[in-house]
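Please look over the sequence and the model below.

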Amino acid sequence: MLQTIQPLIDLANTDLDLQTNIFSRSHLERQIETARSVVDQHQKLFEQKYNELDLLTSEGKIVKNNIEIQEQLITRLDAQVPKIRNEKEFAASKTQLEEARKMLGLLEDKLLELDMKKEDLEQEIETINSELTESNSTFQQETSGLLKKQEKAEKKIAKLEPRRNRLLKKLPQNIKRFYERCQESGISMPVCAIQDKSCSGCHMVLLPQLVNELMANPNSHKNCPNCSRILYYPEVEEEVES
Ligand SMILES: [Zn+2]
């Protein structure tokens with residue numbers, strides 16, 4: 001039997017406070033992650049489009065280079081025309097020129113197409129960039145509050161954790177073991193007050209005898225017959241009995 005139930009209640013309250021703060025810390029972490037993921041998405045898209053633009057630019061360079069080669073070829077072929085001596089040479093030169101001009105036309109079409117694609121892409125990138133800037137500033141705004149809250153929760157946890165360990169040490173070994181076993185098996189609050197003649201942990205209505213026993217002995221405790229949590233009768237402020 002405990003001398004007094006108070007250390008156990010203190011521990012339970014500290015644990016409740018601690019759990020609330022741990023929950024809020026991980027909740028905040030998730031919120032910050034979510035806010036960051038929007039920025040990350042924009043950043044990723046921006047990089048992707050920028051790479052596409054790079055590819056288009058280098059493709060354009062190659063096409064321009066080929067256009068130059070074709071133009072030089074045409075100039076060379078044109079210069080050869082006056083030197084042609086027979087029908088056969090003339091026909092060959094004509095075919096070569098036609099092919100070179102055709103190729104030049106195709107390359108110029110290709111360059112135009114690339115330029116248009118580039119223009120569209122540049123516009124798209126501009127839009128994505130402004131979205132990125134916007135989401136970045138939203139992230140900064142949102143998270144400055146969240147980060148402050150997270151820091152606060154962190155500080156509370158740092159204070160509550162040693163307190164709970166101190167309180168736990170004060171308990172008799174058997175109670176301490178019971179408390180820890182409960183928490184290990186998922187019962188986060190192994191100590192419960194009786195509320196409305198019920199266990200406030202599992203909400204089962206208790207036998208009047210049990211309630212009366214604990215009411216008569218506010219310093220004692222009993223296990224809930226349903227969930228085995230430690231039950232105690234909450235102190236009532238200055239109750240005057242007549
Ligand atoms: Zn119970």
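Which spacing do the donors of the zinc ion follow along the chain? The spacing is C-x2-C-x21-C-x2-C. The model is predicted: local features need pLDDT of at least 70 and side-chain atom pairs pLDDT 80 or more, while totals for chains, interfaces and linings use all residues. Residues are numbered from 1 along each chain as its sequence is written, and side-chain values use heavy atoms, with hydrogens and water left out.

The protein donors (N, O and S atoms within 2.8 Å of the metal, or 3.2 Å for Na, K and Ca) are the SG atoms of Cys199, Cys202, Cys224 and Cys227, 2.2 to 2.4 Å from the zinc ion. The arrangement is tetrahedral because the four donor atoms subtend angles of 104 to 113°; for four donors the term requires all angles to lie between 85 and 135 degrees. Ideal tetrahedral angles are 109.5 degrees.

The domain assignment, automatic or from a database, gives domain 1 (10–159) and domain 2 (174–232). Their contact (heavy atoms within 4.5 Å) takes five residues from each of the two domains. The C-alpha centres of domain 1 and domain 2 lie 63 Å apart.

Between the domains, about 430 Å² is buried, 60% of it from carbon and sulfur atoms; this is the accessible area (1.4 Å probe) that the two parts lose on being put together, summed over both. Of the area that domain 1 buries against domain 2, Ala12, Asp15 and Gln19 supply 71%, more than any other three residues.

How values were computed: Tetrahedral: all angles 85-135°; square planar, octahedral: opposite > 155°, others 65-115°.
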